Amino acid sequence: MTHQFTNDLIHETSPYLLQHAHNPVDWKPWNDKTLQLAKDDNKLMIISVGYSACHWCHVMEHESFEDEKVAEVMNANYISIKVDREERPDVDQVYMDAVQLMTGSGGWPMNVVTLPDGRPVWGGTYFKKEQWMSALSQISKLFQEQPEQLYNYADQLEKGLKSMNLVAINKETPNFKLTHIDSIISEWSQSFDHENGGLKRAPKFMMPNNYHFLLRYAHQTNNKSLQDFVNLTLTQMAYGGIFDQIGGGFSRYSVDDKWHVPHFEKMLYDNGQLVSLYADAYLLTKNDLYKDIIIETLNFIETELTTPEGAFMSALDADSNNTQGHLEEGAYYVWTKEELKNLLNEDFPLFSEYYNVNNYGHWEGDNYVLIRKLDEVQFCTKHELSQADLHSKKLHWKQALLKARTLRERPRLDDKTLTSWNAIMLKGYVDAYRVLKDQKCLEIAKANANFILQQQLKEDGGLFHNYKNGHSSINGFLEDYALTIDAFISLYENTLEDQWLNSARDFTNYALDHFYDTQGSMFFFTSNEDSSLVTRNIEYRDNVIPSSNSVMAKNLFKLSHYFDNDYYHKTATAMLNNVQEEMKAYGSGFSNWLNLMLNYTNPYYEVVVVGEKAHEKLSEINEIYIPNKLIAGSITSKESPLLKNRYLEDKTMIYVCENKTCQLPVTETDKALKMISK
């Protein structure tokens, strides 16, 4: 007989937490009240961290957390806390560091046992039911009989944790040279996969900020072979099963080395960054494949992850119910030959060659994941087709398959909204507008920016991190400020509307007041108003998302120009200097910092457009890929540092300045562009 249980997670808004609200485990949410309860009752805590789109999180839930015998062990001896890592990246980061120190590796689900004061003593990732029960029984016995052993271990681990994210202050005078970057790339390029793109490994993660930096560096140094490598990577990702060839949008990573079989969940933050990356790559190459990727990805975001309020939701799960009603990874996305033959009839042979419904595209069982091999020109030549014919066929194929797919059970949706991820997607829309000049992209971007300002703004001028059903409950983290500032600067550069630049400055000043460590010249991940965790972390290594500190340093660099603010400039420079030593050994973990370093090693331009035709001129400037510039402008007279005394009646002037020195203003865009070198 099965019992119906309900625990305290029933009052939460996170879909991941709500999925566990009927487990027999007496789960509690992470908050001050729960943490105090552990201290008052002198009980060990289990902190179990996962997220909605995590396949193995659901497996462990089914095997262990839905099992009444497991729940008995957990409920008798522990206070059990469920954490959505996307809602609480601060909690995730501290305990992930602990698991990596204890075991040498990390991942999700992550399960940690802590003392009543929250300091970790044991942990790991996925555990089978027997392992889990056995470990919990042993630890609770030890806590009852020899608690001092656990306290001694916690002391040692705490010291290790505190040293993990310390950034040594670099007292040397900042000296950034292009040769430093050259040698980092020389080392990094040893691991490039010149056949499939990306790095020589499986699984393959897309790491958009790596390729954003490499694209810029290759362009600014005229490095043809590196340009070819970046284009190979972007093309292979676009051809691969990691890109949903039917519905658009990218999955998180591929399990193989040819971008073929994805881990099927689709995350907002990947897609936002990839739109920005493909936008710059399209600007530089005018490759229509890249343009198609931008349009199809944005269609996916609009239809699957956008709310009526203009907010973006977080993710689609990898798992969905198969025809037997069982959750199965990829069930929504894969095809059998029989299904495809029935749907496409006489077009099946051509379709199966275009999307490799053959040994190359075979996954497992009868299932195929669609993957391309040839570019369209080669394919059309081989089959004596015009490109127009192929396009109309592709449109027909996609419509037929999309229609068939809508009859399947959809993957679960993580419908919470996170400020940081929304800012990434907002910037994706701004970048798409910049290169495609599609007004709709700008309207969606502005709607999202207004959502952030209206719904996510706290009374004191700060930001909330999360939003669901009209409810925001978690204080913003550094990533929320850094990424929102970045997106708002981009929005200003493409609209010339002052409110976005002024909001970016206000959020920057808020972050300096609440997150900045004046002793270490870096920003903490959590605000000084938040309850303290085991350590107060500094997130500075770039990962799948660039680190909040690297984004913040770039923001400060740009804003120092806009507001002629020397303090911003000195802060950005000190931050970059602090990480310079560690960068040398690990380029791919510092690509966003390296991108900032190029602003120091190469010329960096302020391009100012003033006059009634400012928007027209801006649109012309945006037709060229110029990564080493910022844009300011106005259609009227303004008093801000870059615009003061620059307005002339009946003329639109373009000013190009570098190092506080301006060349003579010009009225023609092509003349201004000639003043800008790489």
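**The largest pocket and its neighbours**

Modeller: The lining of the largest pocket has 21 nonpolar, twelve polar and eleven charged residues. (Nonpolar covers Ala, Val, Leu, Ile, Met, Phe, Trp, Tyr, Cys and Pro; charged covers Asp, Glu, Lys and Arg; the others, with Gly, are polar.) This is a predicted model: local features need pLDDT of at least 70, side-chain atom pairs need 80 or more, and totals for chains, interfaces and linings use all residues. Numbering runs from 1 along each chain, and side-chain values use heavy atoms, without hydrogens and water.

A pocket is an open set of points on a 1 Å grid over the protein atoms alone, with protein on both sides within 12 Å along at least five of seven lines; a cavity is a set where a 1.4 Å probe fits but cannot get out; lining residues have an atom within 4 Å of a point.

Start with size. The largest pocket holds about 1400 Å³ of space (the volume filled by probe spheres on points joined across faces, edges and corners). Its lining has 44 residues. Find Arg85, Trp108, Arg541, Asn543 and Val544: of the 44, they lie nearest the centre of the pocket. Now find the elements. α5 (89-103), β6 (204-205), α9 (208-220), α19 (478-495) and α21 (548-562) each give two or more residues to this lining. (Helices, H or I of at least four residues, and strands, E of at least two, are DSSP runs numbered from the N terminus.) Which of the elements gives the most to this lining? α5 does, with six residues.

Next comes the second largest pocket, at about 850 Å³. It has 36 lining residues, and the closest to its centre are Gln245, Asp292, Glu296, Lys394 and Lys398. The elements with two or more residues in this lining are α10 (224-239), α12 (288-304), α15 (376-383) and α16 (387-406). α12 gives the most, with ten residues. By class, the lining of the second largest pocket divides into 14 nonpolar, eleven polar and eleven charged residues.

Now turn to the cavities. The whole structure has three cavities of 30 Å³ or more. The largest cavity has a volume of about 870 Å³. Of its 38 lining residues, His212, Asp280, Lys427, Asp486 and Lys554 are the closest to its centre. The elements that give two or more residues to this lining are α9, α11 (268-285), α17 (419-436), α19, α21, α23 (591-601) and β19 (629-634). Look again at α9, α19 and α21. The lining of the largest cavity has 15 nonpolar, 13 polar and ten charged residues.

The second largest cavity holds about 150 Å³. It is lined by 17 residues, with Gly241, Phe243, Asp244, Gln245 and Tyr333 nearest its centre. In the lining of the second largest cavity, ten residues are nonpolar, four are polar and three are charged.

Last, step back to the whole chain. It has 25 helices and 21 strands. Its C-alpha atoms fill a box of roughly 80 × 70 × 45 Å, taken along the principal axes.
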